Amino acid sequence: MKNKKLLGAVAVGGALALALAGCASGSGNNGGGDNGGEKVETKTADYNPQDRSNLQEGGEVNFPINEIPEQLNGFNSDASADTARLWSWYMPQILLVSPEGEVTKNDAYLDAYEIGEEDGNTTITFTFKDEAHFNDGTDMDWTSIDATWKANRSYDEGFNPNATDGYKQIKTVEQGDTAKTAVVTFDGIYAWPSMAFLTGGVLHPDIADPAVFNEAFIGNMHPEWGAGPYTVDTFDANGGFVSFKPNPEWWGNAPLLDTVTFTAMEPDASINAFKNGEIDMVGANTNDRLKQVQEVDDTVVRRAQQTAKTVLLVDADKPQFEDIDVRKAFFLGVNVDQQKQIAWNGLGYEEPVAGSLNLYSFQDGYKDSFAEAGLKHDVEGAKKLLDDAGWTEGEDGIREKDGEKLSVTFPIFGEDPTIEALAKSLQAQQKEIGIDLKIDVRASADFSSDFTTKNWDVVSLRFTDSDPFGPAWFCQLYCSDSGLNLSATGTEEIDQQIADEVESQKDAESWTTAAMDLEPKIIEQTWGLIPLYSGPSIYVVKNGLANLTPEPYVGLDLFGVTPVENVGWEK
């Protein structure tokens, strides 16, 4: 694995978004399923990068998507990775990221992007191009930076942002020499300035109102507040369909494609749609899916390292999981190795333990925080914890307390056979320690709403990373007001620990060390979630489709965020 990891430049993680477990992207070589147990190469990135001069003008690309989410504001806490994917195609991408994690300005939007220091405070200066404007004619200027900061800096002002990290550390946003220049001043030295304003771009000033921010994008994409090479053409939430067309307001390089479509479909439907030529790429992250599509004519298998983790989350607000010892027992009952064997059966993939929510094993500073906190597969240890918590085995082997069975609901979304096998494996593992795990099969389109409303006792999903600044997002993972971690295990005391021990650090390396030191201590106090694995990102793609997965949170390009106008077909 290529490891360019100076902690200032690439200390992995990112603004995190929710993704449906098991429905991931892919990239790589031509390795297929049923490889006889031989390891298949997984590249760092495999997205067919091509210069625009090698690509043709015109044509269309059709993508599948898990759902058209209800919340379509990419900055909102109720947004998912699918929200962010759509958002990226018609909202400004003012900063770009190389696959390895180097952040640069997007020359189409910015004349200048400078990180500096003044009077002991970190500063960022943004200077927008004279032509830069939103689709309704509003200038893109310092007020856009100011609006983005105000909407994301706090949960106390009525906004519901995905994360406040990188924004809450800002002291002021002011106009520079002209309205086109914004000067951002942090409160002291900030270790991760490159992460600010990276994910999601910038907001139209009209969105910097709590009611607008939280509610206006529910079932409405608001293309008039967008800016970029594409704009919304057709939006059909009920039909699960969004299409984009070239934006007549765009001032930069012309988009290569005439039409880009996203159609919501169940996993099985996406396989059939790809076989029938209705979509141009399809996720194939399980052996069953890969076998069905790898021989489709005029296609290539692409396989890359995935910057996401499948996690198991329990809800401590539910009476079954109020006791921390019951939560810990549940996790001690999980056989992670068996889960990985099922998930990657036939894919020829291996990886080290996913032992942190902050760093990947291929990054400098990584350690197995969860093992340090005591996570292991320990059936007897789990049983003892449940015994001591007063849950006794009934005649059917399921534990009871005060006349109540220790029964929990575990939804899975879609009907993929590998996801079903994973669920049944977890069910059997929990039965061994006396917990009745009830599997509830639901539609993929229910994922976002069910997760955010906590319509589950246990859930498996993916935390997928937007950028290479993992420890910088420590609060988004473990603070009590995080909309990402809905285990209800955070406390004000932990929030203070994070502020005092981690967020007080003045450089990325010290911050990372402090985060990795604190992570196992928080796990011991909470036991709300565990990572299971990352895995490869595997797609089968029509030959000639280039510059794949330019959006954050998904992809074949590791941490890459590249201009959407450069997606196209080779000549």
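Two strands pair if DSSP finds at least two bridges between them. The model used in these exercises is predicted.

**Exercise 1. Determine which strands pair with β14, and whether β14 is buried or exposed.**

Step 1. Look at β21, residues 529-533: 4 bridges join this strand to β14, and the two run antiparallel. The cut-off is at least two bridges, so β14 and β21 count as paired. Within this pair, Leu312 stands opposite Ile530 of β21.

Step 2. Turn to β20, residues 458-467. This strand is joined to β14 by 7 bridges, again in an antiparallel arrangement. Here Lys309 has Phe463 as its bridge partner.

Step 3. Check the burial of β14, which covers residues 308-314. The strand is mostly covered, with 7 of its 7 residues buried.

Step 4. Sort the residues by direction. Ala308, Thr310, Leu312 and Val314 point one way, while Lys309, Val311 and Leu313 point the other way; all are buried.

**Exercise 2. Describe how β18 is placed and which strand is joined to it by bridges.**

Step 1. Count the buried residues of β18, residues 407-413. Since 6 of the 7 are buried, β18 is largely enclosed by the rest of the structure.

Step 2. Find the partner. β19, residues 436-442, is joined to β18 by 7 bridges, and these strands run parallel. Phe410 has Ile439 of β19 as its bridge partner.

**Exercise 3. Characterise the packing of α7 against α10.**

Step 1. Take the geometry. α7 (residues 336-343) and α10 (residues 417-433) pack at about 160°, and their axes lie 9 Å apart.

Step 2. Classify the angle. Angles over 145 degrees count as roughly antiparallel, and therefore α7 is roughly antiparallel to α10. The crossing is right-handed.

Step 3. List the contact. α7 contributes Gln338, Gln339, Ile342 and Ala343, and α10 contributes Thr418, Ala421, Leu422, Ser425, Leu426 and Gln429.

Step 4. Sort these residues by type. The contact of α7 with α10 has 5 nonpolar and 5 polar residues, and no charged ones.

Terms used
Residues are numbered from 1 along each chain as its sequence is written. This is a predicted model: local features need pLDDT of at least 70, side-chain atom pairs count only at pLDDT 80 or more; totals for chains, interfaces and linings use all residues. Side-chain values use heavy atoms; hydrogens and water are left out. Axes are lines fitted to C-alpha atoms, for helices over the stretch in contact, and angles run from 0 to 180 degrees between N-to-C directions. Angles under 35 degrees count as roughly parallel, over 145 as roughly antiparallel, 65 to 115 as roughly perpendicular and the rest as oblique. A crossing is left-handed if the near helix is turned anticlockwise from the far one by less than a right angle, and right-handed if clockwise. Contact means heavy atoms within 4.5 Å. Ala, Val, Leu, Ile, Met, Phe, Trp, Tyr, Cys and Pro count as nonpolar, Asp, Glu, Lys and Arg as charged, and the others, Gly among them, as polar. Buried means under 20% relative accessible area, exposed over 50%, partly exposed in between (1.4 Å probe, protein chains only).
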